[in-house]
Amino acid sequence: MAEQNCLVANDWICGEYLRSRSHELTEATVQHIWITVVSVLIGLAVAFPLALLARRGRGFAGPVLGLTTVLYTVPSLAMFSLLLPLFGLSAALVVTGLVLYSLTILVRNILAGLEAVPQEAKEAARGMGYGPVRLLWEVELPLALPALMAGLRIATVSTVALTTVGSLVGKGGLGNLIEDALPSFFKAQVLTASVLCVLLAVAADLLLLGVQRLLTPWTRIRTPAVASAGEGIAKTEAG
């Protein structure tokens, strides 16, 4: 009886809300995930060629990094307002805005990863007859994966949070539930939707971390030589 009355009492934690609104919560969560995934994938597809362009020299790096940084500083309300004439009140409006926001993080991390590739590795590949395209895909990109994946994780978590802003146009996933609940201060709905957003961000980060560890096994390997050197340094400092 107490659980049934939690809706009337407007409690923060209410099992009856979860049971009675399960379909609504599932629908909002699926929309939230869909918008996040699409935005991040498109952002990655756009950021990669931009990072390659920025790597060509300072004449390209300045404008590319400057533009992506400026885009990130634009408030979400202003961004959606600027995109509204092009996309109307649609999911494409939200996705485009989220893609633009993700570029700052993705472009910088991809560029940092590519620039961190040892020159010796690139020279050795060229000496073996690797052309620019093969060098990029078989040597530079694999070695840049740790930085790329780190940027992808940050961009994904950030996008999960920013997706809620899409509630301004009715396409905000869990953000729609939060906005709908605020006027009447429906505590259970606000708390549940907020907790689900946090759980989505944590789950996405852990998933991408697992993918990163699978794709970059060498980052977890501690060779005997490195281990011995580390132990020697530790003993020296202790002595």
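The legends below describe close-up views of a predicted model.

**View 1. The largest pocket of the predicted model and the residues closest to its centre.** The largest pocket has a volume of about 310 Å³, and of the 15 residues that line this pocket, those closest to its centre are T36, V37, T156, A204 and L207. Two or more lining residues come from each of helix 3 (22-54), helix 8 (132-163) and helix 10 (187-215), and helix 3 makes the greatest contribution to the lining, with 7 residues. Sorted by class, the lining of the largest pocket comprises 12 nonpolar and 3 polar residues, with no charged residue among them.

**View 2. The packing of helix 3 against helix 10.** The axes of helix 3 and helix 10 lie 11 Å apart and form an angle of about 35°, and the crossing of these two helices is right-handed. On the side of helix 3 the contact is made by E24, L25, T29, H32 and I33, while helix 10 contributes Q189, T192, L196, C197 and L200. Taken by class, the residues of this contact between helix 3 and helix 10 are 5 nonpolar, 4 polar and 1 charged.

**View 3. The salt bridge between E140 and R55.** The closest N and O atoms of E140 and R55 are 2.6 Å apart, and the two residues form a salt bridge. This pair links distant parts of the chain, with E140 placed in helix 8 and R55 in the loop between helix 3 and helix 4 (58-73), at a separation of 85 residues. In the model as a whole, the count comes to 5 salt bridges.

**View 4. The largest cavity and its lining.** The structure holds 1 cavity of 30 Å³ or more, and the space in the largest cavity amounts to about 40 Å³. The lining of this cavity is formed by Y72, L98, Y101, S102, I105, A155, S158, T159 and L162, with helix 6 (91-115) and helix 8 each supplying at least two of the lining residues. By class, the lining of the largest cavity divides into 6 nonpolar and 3 polar residues, and no charged residue takes part in it.

Key. Residues are numbered from 1 along each chain as its sequence is written. This is a predicted model: local features need pLDDT of at least 70, side-chain atom pairs count only at pLDDT 80 or more; totals for chains, interfaces and linings use all residues. Side-chain values use heavy atoms; hydrogens and water are left out. On a 1 Å grid over the protein atoms alone, a cavity is a set of points where a 1.4 Å probe fits but cannot get out, and a pocket is an open set with protein on both sides within 12 Å along at least five of seven lines; lining residues have an atom within 4 Å of a point. Grid points are joined across faces, edges and corners, and a volume is the space filled by probe spheres set on the points. Helices (H or I, at least four residues) and strands (E, at least two) are DSSP runs, numbered from the N terminus. Ala, Val, Leu, Ile, Met, Phe, Trp, Tyr, Cys and Pro count as nonpolar, Asp, Glu, Lys and Arg as charged, and the others, Gly among them, as polar. Axes are lines fitted to C-alpha atoms, for helices over the stretch in contact, and angles run from 0 to 180 degrees between N-to-C directions. A crossing is left-handed if the near helix is turned anticlockwise from the far one by less than a right angle, and right-handed if clockwise. Contact means heavy atoms within 4.5 Å. A salt bridge is a side-chain nitrogen of Lys or Arg within 4 Å of a carboxyl oxygen of Asp or Glu.
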